[in-house]
Amino acid sequence: MAAPATAVSTICGTPLGLAVTHTSALVGLEHRPVRVEVCCTRGPSFFQLVGLPEAAVREARVRVASALARLGVLLDEYAITVNLAPADLRKSGASLDLAIAVSVLGALGQLAPEHIHGVLLMGELSLEAGIRATDGVLPRLEGARALGVTAAVVPLANAAEAGLVHRMDVFVADTLHAVVDHLRGSQQLARAPRTCFQPQAAGSGGGDFTEVRGQPLARRALEVAAAGGHNLLMIGPPGGGKTMLARLLPTILPPLTFDEAIEITKIHSVARLLDAERGVVLARPFRAPHHSVSEAGLIGGGDIPRPGELSLAHRGVLFLDELAEFGRKALESLRQPLEDGCVCIARARARAWFPARPLVVGAVNPCPCGFRGHPQRSCRCSERLCKSYRARLSGPLIDRLDIHLSVPAVEVHALLSNGPGESSKAVRDRVVAAQNRQFERCSREGIPPVGNAALSLRELEQVASLDSEARRILESAMSQLGLSARAFVKVLRVARTIADLDESSRVRAPHVAEAIQGRLLDRDG
């Protein structure tokens, strides 16, 4: 980081003060350093900001003037110009307030250049000179640390989030006065305490697989999906338990690792959804947007790019109930992120990237009334209406969902059964064991440690060797079902996961046969 240019010179007898502080802006999750340059002169009073500030940044002049007045520093007789560099980067939010206020104090001679050099400042000011929480503290701090910044001051309300950053001196403050005393060296601020990370095993909303009655095939499909990270489509009549099964899926997923928690915390911090007291996400997220969600709400967007539901569910579960009722444009926008595992939001001045690797679960009825193929209730929909309903889900989108599962109506004897089903813990133990096999195998083969659902075809050829019978079954299915090349790869990925659950080093015929059964829509249209 360049040294601040703080100087005092005289032009036509008028003293000129210059000061520089450093803060941060975010483009997606990417830290962009911002240099706050302040020039103060005596003369007609004004306070102007340049450097593409958005409305919330332009309003900083009011908050800064009031906060400095609480410290006894009045700006009535000064002409103040604030330049936010680089000038071509759009600045948004109120997190620049603290850096602007400190720069103004430096330009007025209240703080020496060496006091403010090399410190990253972020926080929103109140009119009473308090410091309020800001968003994106974790990605800002980690980005600044990567660029060589060694010290930072953040709001006290963000202390838990800031405590996740190591190898950097992060101080917390709740008033501007405390920050000034710290910079002058008269009273040091407290450091952000280390945040304890203890992941939660159960998913959002609690519940347990023991509550499920019947549906053995659905339980098995969810176990396979959880073990390999495979996207899932459930098709069946209302009341069959599709929503309940989806909401129980997080309870069988492995606990978060620290690196996964950091990824999720960054996204939720930028979206202003982070619990300030915890400062870190401890459980895999479960997101279930309503089918009226817009494309921007689902994928992300806005003038200032924000993450959508797809990214907010990163490393967790995104449940799309009544899938056929979602807007066509919103659904089709899922296609590329499901393949790439990330979302790119392109704007005229910048591109924002957000990670997006959730386990996507869709639920849909077989027809508009929901009872097509029901054993007791008759369907009231015409063939034309049914075809129109199914056409809402495009072939390319369906092709990207690894497992297609039929969820029939639950039989009465299963509902009246008194015996509890297998617990989430028992299923989760098998899922964790299967994932450990995947990671160990990837390590042996020199492949990045990822779940089977993220393996490329070349990597699959390394880790999913087929016996002769399995190869014959797969070739027959390709020709009879007309599977696409993408569907072929997904069948092979699912078969590899089934083999992992079976503790088999090779993919055998039963594994491939079970995986092919999960291509329901390829078979039935």
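## Salt bridges

The structure holds 32 salt bridges, each a side-chain nitrogen of Lys or Arg within 4 Å of a carboxyl oxygen of Asp or Glu. This is a predicted model: local features need pLDDT of at least 70 and side-chain atom pairs 80 or more, while totals for chains, interfaces and linings use all residues. Residues are numbered from 1 along each chain as its sequence is written, and side-chain values use heavy atoms, without hydrogens or water.

## Asp500 and Arg441

Asp500 and Arg441 pair through their side chains at 2.9 Å, N to O. Asp500 lies in helix H21 (residues 485-501) and Arg441 in helix H18, so the bridge ties together parts 59 residues apart in sequence. Helices here are DSSP runs (H or I, at least four residues), and strands are E runs of at least two, numbered from the N terminus. Asp500 is buried at 1% relative accessibility. Arg441 is buried too, at 9%. Buried means under 20% relative accessible area, exposed over 50%, partly exposed in between (1.4 Å probe, protein chains only).

Arg400 meets Glu339 in a salt bridge of 4.0 Å, N to O. Arg400 sits in the loop between H16 and strand E20 (403-406), and Glu339 in helix H14 (residues 335-340), 61 residues apart. Arg400 is buried at 10%; Glu339 is partly exposed at 35%. A network of salt bridges links Glu339, Asp399, Arg400, Arg486 and Arg519.

## Glu325 and Arg392

The side chains of Glu325 and Arg392 form a salt bridge at 3.3 Å, N to O. Glu325 is partly exposed at 36%. Arg392 is partly exposed at 35%.
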